[in-house]
Amino acid sequence: MTRISAAFLPLTDSAVLVAAREKGFAAEQGIELDLIRSESWATLRDRLVYGQVQAAHMLAPLAIAVTLGLSQHPASISAPFKLSVNGNIFVMGTVFAAALDPDIARRVEDPIATAHDFAAAIGLYRRKPVIGIVHRFSCHALLLRYWLGYAGIDPDRDLVLRVLPPSLMAAALEAGEIDGFIAGEPWSTVAVQAGSAEIVMVGARVWQRGVEKVLAMRTEWMDANAETVDRLLIALDRAAAWCDDPAHHGELAELLARREYVGQNAEAMLPTLAGRLIVRSGEAPVEVPATMLFHREAVGFPWRSHALWIYSQLVRWGMAEPSPEAEARAADVFRSDIYRRALADTGAPMPGASLKVEGALSKPMGVGSHSAGLILGPDRFFDGKTFDPADIEGYLRSFG
Amino acid sequence: MRIVIVDDTGLRASILEDGLAEAGFDDIHIVPPRGGFVARIERLAPDVVLMDLGSPSRDTLEEMLVVSRALARPIAMFVDHSDDDMIGAAIDAGVSAYVVDGLRKERVKPILDLAIRRFNAFAKLQSELDEARTVIADRKTIDRAKAILMKSRNLAEPDAYALLRSTAMNQGRRIVEVAEALITASDLLGDGA
């Protein structure tokens, strides 16, 4: 048995790692997978960067930020596998939400109208709303900025963004320290179930196939342990398939609910897994397909265009200095080559390319694949823009 | 040199504060990581911030540090990035340190060394405390089980204890586990013990 320690945060999208350990997929590959719970992204990052763990469940933008040295000493991180797609939910306290469309299904279905309603609601509010985000370098924060920016809201001028750990968001909302928050599940659902918040925006409705958590490793360790990395990726791919199967959602929710993992009721995990979200406490759930995905459509494949989209947003919001070197390093964090190597002989559907134009698919489409049967789901952005990784400058200019 | 300790465990903060005072540092402030703690730290303008690595509030603090960097007050984690052993020891002990860039590492190393030792001492104290608590809880459980046996089997106390012990030995279990099982069974049977 090869021992691998992986750090994670208590979130529904840690599912693939939890299933790999608890359902024996890691053991089948000769890996004893230790899961180390962390309470903050900073701690998870330090454990990975300083070699206390070999792998981590990491925010995709954080993996890129660490590699580019955006907030501390640079360290080369590689992401050979994506652990999830979609899954972020933006909630606001009931007072603020009262200024938005009262038809909750329509509110979630139509992010364009809701973005404009939100802009108007800011004007009516007695002060700048304070919004909790989990990290400056998170997909949540980038998606929130993208959505608000569409309606002419400057998140750095018209709002106060405050960083809080996901597990403290609901309490901070209750205490009036924040007016709303965007976080990974189950924390938004927990706040809605407590009756203190309502869902305003769902990540899957802003970008239909948005990159979320990645499996992150130190590049140096990944290169030195190729054979172990391959076995780990096979285990994770199988665990992801298990997690995606609706027949297993009940058992998965129970596993995640354990104190050593998320430590919340299984009921808080189920709406996301099933894609039936409780938008307002006490009302019928709203169907949001693909709220969170683990496996189908080759979710695990780390598209370099995903990394470059994140880079484009870091540049757009002034968090990274644009340069050809930084762009190349950001793209290299997502290691589609390692994914291909590890899963080559498993029959997993394999994309023919490593880059694609993001946001171009409005319906499911079969794509060139070495083994048959890869269907990619619709991946549109809510504003209809497309991201061509070959023209990042042009893309950035389009935001004005 | 001004040092801020961010901690909501009163005991650990004072263990650390005492150690730093003994070592001759006298400008030490303890800030619990709640509410507007970041604003308090900003006002204090410390040279070094020490914090529990496991604290969920680290992301909040780091966000402030990133913003401060924009204000030309750069702060970095750990002093000498090349000293992996020391960083490993700090992480193992649960210390995270934030240091103003440009502060010479010779000046910060003793603080980090001391923080590691003190965090380890606190962890040891904590585990001893937990152990003592477990011992007391176990003793209470065993006493209850003995009382049940004394009443239902009409045994003297030493015999009741001997019965628990021999059962535990025969079954290869701890006495407290046998006692717990007995209490559960007795509760289920409702024999009033």
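Student: Leaving aside its neighbours within four places in sequence, which residues is Val286(A) in contact with?

Tutor: In this predicted model, Val286(A) belongs to strand S12 of chain A, residues 286-287. Its contacts, with neighbours within four places in sequence set aside, are Ile104(A), Ala105(A), Gly275(A), Arg276(A), Leu277(A) and Val279(A).

Student: Is Val286(A) buried or exposed?

Tutor: Buried means under 20% relative accessible area. The relative accessible area of Val286(A) is 9%, so Val286(A) is buried.

Student: How far apart are the C-alpha atoms of Val286(A) and Asp337(A)?

Tutor: Along the chain, Val286(A) and Asp337(A) are 51 residues apart.

Student: What is the order of the strands in the open sheet of chain A?

Tutor: The sheet has five strands with mixed pairing. Its edge strands, each pairing on one side only, are S2 (31-37) and S4 (77-82) of chain A. From one strand to the next the twist averages 35 degrees. The order is S2-S1-S3-S10-S4.

Student: Which residue in S10(A) stands opposite Phe81(A)?

Tutor: S4(A) pairs with strand S10 (residues 213-218) of chain A in the antiparallel sense, over four bridges. The residue in S10(A) opposite Phe81(A) is Leu215(A).

Student: What angle does the direction of helix H4 of chain A make with that of S3(A)?

Tutor: Helix H3 (residues 41-49) of chain A lies across S1, S2, S3, S4 and S10 of chain A and runs at about 140 degrees to S3(A). Helix H4 (residues 60-68) of chain A packs on the sheet too, touching S3, S4 and S10 of chain A. The angle between the directions of H4 and S3(A) is about 105 degrees.

Student: At what angle do the axes of H8 and H16 of chain A cross?

Tutor: Two packed helices are described by the angle and the distance between their axes. Here H8 (residues 139-150) and H16 (residues 304-316) of chain A have axes that come within 11 Å. The crossing is left-handed, and its angle is roughly 65 degrees.

Student: How many residues in the contact of H8(A) with H16(A) are nonpolar?

Tutor: H8(A) contributes Leu142(A), Leu143(A), Tyr146(A) and Gly149(A), while H16(A) contributes Trp309(A), Ile310(A), Gln313(A), Leu314(A) and Arg316(A). Of these residues two are polar and one is charged, and the number that are nonpolar is six.

Student: What kind of aromatic pair do Phe387(A) and Tyr395(A) form?

Tutor: Both residues are buried, and both belong to a cluster linked by ring pairs, which includes Tyr146(A) and Trp309(A). The ring centres of Phe387(A) and Tyr395(A) are 4.8 Å apart, with 70 degrees between the planes. Planes over 60 degrees apart count as edge-to-face. The pair is therefore edge-to-face.

Student: Is Ser14(B) buried, exposed or partly exposed?

Tutor: Ser14(B) lies in helix H1 (residues 10-22) of chain B. Buried means under 20% and exposed over 50%. At 29% relative accessibility, Ser14(B) is partly exposed.

How values were computed
Residues numbered from 1 in each chain as written. Chains lettered and ligands numbered in written order. Predicted model: local features only at pLDDT ≥ 70, side-chain atom pairs only at ≥ 80, totals over all residues. Heavy atoms only, no water. Axes fitted to C-alpha atoms, helices over the stretch in contact; angles between N-to-C directions. Helix = DSSP H or I, 4+ residues; strand = E, 2+ residues; numbered from the N terminus. Left-handed = near helix turned anticlockwise from the far one by under 90°. Contact = heavy atoms within 4.5 Å. Nonpolar A, V, L, I, M, F, W, Y, C, P; charged D, E, K, R; others polar. Pairing = 2+ DSSP bridges. Buried < 20%, exposed > 50% of the residue type's maximum accessible area, 1.4 Å probe, protein only. Phe/Tyr/Trp six-rings, centres within 6.5 Å; stacked < 30°, edge-to-face > 60°.
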